[in-house]
Amino acid sequence: MYNVVRTSELRACGVQSRCIRDAIGCCLLALTQGMYSIVARCSNPRHSAIAEFVTDEAWITRVIEQTDQKTGKPRFELLDMFETLRVASYPHYGVDDVIWGVSAGFVHDFPLYRPPRGTVFIAHPTRRHCSSDVVRTTRSVPEEDVVQIGKMSLTSPVRTAFDLIGQLGEPEGFAALERCLRRSTFGSDAGAAEAARFGYPPDTLALGERRIAEDFMPVLRRLSKGQSRAQCLLSAIGPLSESYAESRFVYNLMQLRLTGFSQQARIRDGREVVARVDFLHRESRTIVLVDGFSKYADNGVGLMRKEVRQYNRLLEMGYRIIRLNFTEVANLEECATKLFAQAPHLRAFIAPRKRSGVR
């Protein structure tokens with residue numbers, strides 16, 4: 001699958017090192033030392049021997065479809081797939097090696113914003129080693145937090161999300177925790193998508209709390225460090241974020257100590273549902289739409305004309321609507337500036353800062 005081939009296989013069929021080096025960036029994608037993926041059927045006659053190793057035409061088609069034809073650059077989904085393939089194809093895993101952090105995050109299909117690429121992150125109880133391909137860190141992972149996928153041993157999804165807090169920062173860890181909770185609450189990404197389409201059950205938040213208690217808290221207690229910070233983030237996550245951007249906005253609300261927002265809220269005019277919006281502050285009648293899109297009562301598939309009509313109706317009902325694009329959501333200061341500039345009355349709903357220390 002994925003046309004993965006080793007240097008030894010290529011050389012055994014007469015492909016010289018010079019040809020391999022020449023093909024990298026053309027029809028070969030370098031994964032780790034001695035491991036490649038053939039990503040194109042090359043017209044260069046010097047690379048014809050490499051084309052003989054193509055066994056997965058669907059992979060080549062996928063690479064073509066997910067590459068921008070104007071710039072020639074792979075889209076983010078394809079870049080993430082390259083990293084997953086890099087982790088899965090690494091040939092030198094040891095008995096006690098456990099894939100962790102960003103590398104495990106790629107395998108678990110977490111939403112990651114500008115993650116480090118090109119390196120496989122491995123935890124080992126006693127060994128430490130760094131190379132151009134691998135960062136092996138001395139780190140013990142409890143057996144309960146390790147899962148097996150094929151030949152790989154890696155940290156479980158929840159443990160990976162907690163580890164990302166320290167490796168990439170709180171926002172990334174928070175988004176990963178929300179993705180884990182969403183999957184746990186609805187059973188899978190497909191189950192979550194179905195709930196988003198047909199409507200969230202009324203007990204969704206209660207079910208999410210139950211999943212946190214049963215699936216997340218035991219992992220939290222096994223962390224050797226960072227429990228307090230992880231607990232703080234865990235107290236703010238929910239199962240209703242439908243994208244990475246929405247998770248980042250929930251995190252921003254926590255950082256700003258801004259209270260009173262509900263998520264995936266239905267707005268009614270009498271008995272009629274006018275719209276389902278990303279975030280609603282009912283007391284101040286403020287709506288926040290993340291990434292420029294809203295999810296309306298018709299499951300978010302309506303034509304632009306219908307969306308504009310619904311948008312105008314919300315304005316007529318007295319709601320203030322704030323649109324935040326991805327860049328604004330990903331930057332806390334930009335988010336706060338736009339939020340309070342367009343809805344200054346929200347400052348009245350900032351919770352007081354908690355004071356530490358003993359009286």
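Modeller: We will go through the cores and then the pockets of this predicted model.

Biologist: Which residues touch the most other members in the largest nonpolar core?

Modeller: In soluble globular proteins, nonpolar side chains tend to be buried together. Here the largest nonpolar core holds 50 residues, and those touching the most other members are Phe162, Phe216, Phe249, Leu258 and Val288. Helix α12, residues 244-256, supplies the largest share of this core, with six residues. A second, separate core has 14 residues, including Val5, Ala23, Cys27 and Val54.

Biologist: What is Val288 in contact with, leaving aside its neighbours within four places in sequence?

Modeller: Val288 is then in contact with Phe249, Phe261, Asp278, Phe279, Ile322, Leu324 and Leu339.

Biologist: Now the pockets. What is the volume of the largest pocket, and which residues lie nearest its centre?

Modeller: Rolling a probe the size of a water molecule over the atoms shows where empty space is left. The largest pocket has a volume of about 600 Å³. Among its 22 lining residues, Phe76, Asp80, Phe110, Pro111 and Leu112 lie nearest the centre. Helix α5 (76-89) gives the most to this lining, five residues. By class, the lining of the largest pocket has twelve nonpolar, two polar and eight charged residues.

Biologist: How does the lining of the second largest pocket divide by class?

Modeller: The lining of the second largest pocket has twelve nonpolar, seven polar and three charged residues. This pocket contains about 430 Å³ of space. Nearest its centre lie Ala236, Val250, Leu253, Phe261 and Gln263. The most lining residues, four, come from α10.

Definitions and conventions
Residues numbered from 1 in each chain as written. Predicted model: local features only at pLDDT ≥ 70, side-chain atom pairs only at ≥ 80, totals over all residues. Heavy atoms only, no water. Core = buried A, V, L, I, M, F, W, Y, C linked by side-chain atoms within 4.5 Å. Buried < 20%, exposed > 50% of the residue type's maximum accessible area, 1.4 Å probe, protein only. Helix = DSSP H or I, 4+ residues; strand = E, 2+ residues; numbered from the N terminus. Contact = heavy atoms within 4.5 Å. 1 Å grid on protein atoms, 1.4 Å probe; cavity = no way out; pocket = protein on both sides within 12 Å on 5 of 7 lines; lining within 4 Å. Points joined across faces, edges and corners; volume = space filled by probe spheres on them. Nonpolar A, V, L, I, M, F, W, Y, C, P; charged D, E, K, R; others polar.
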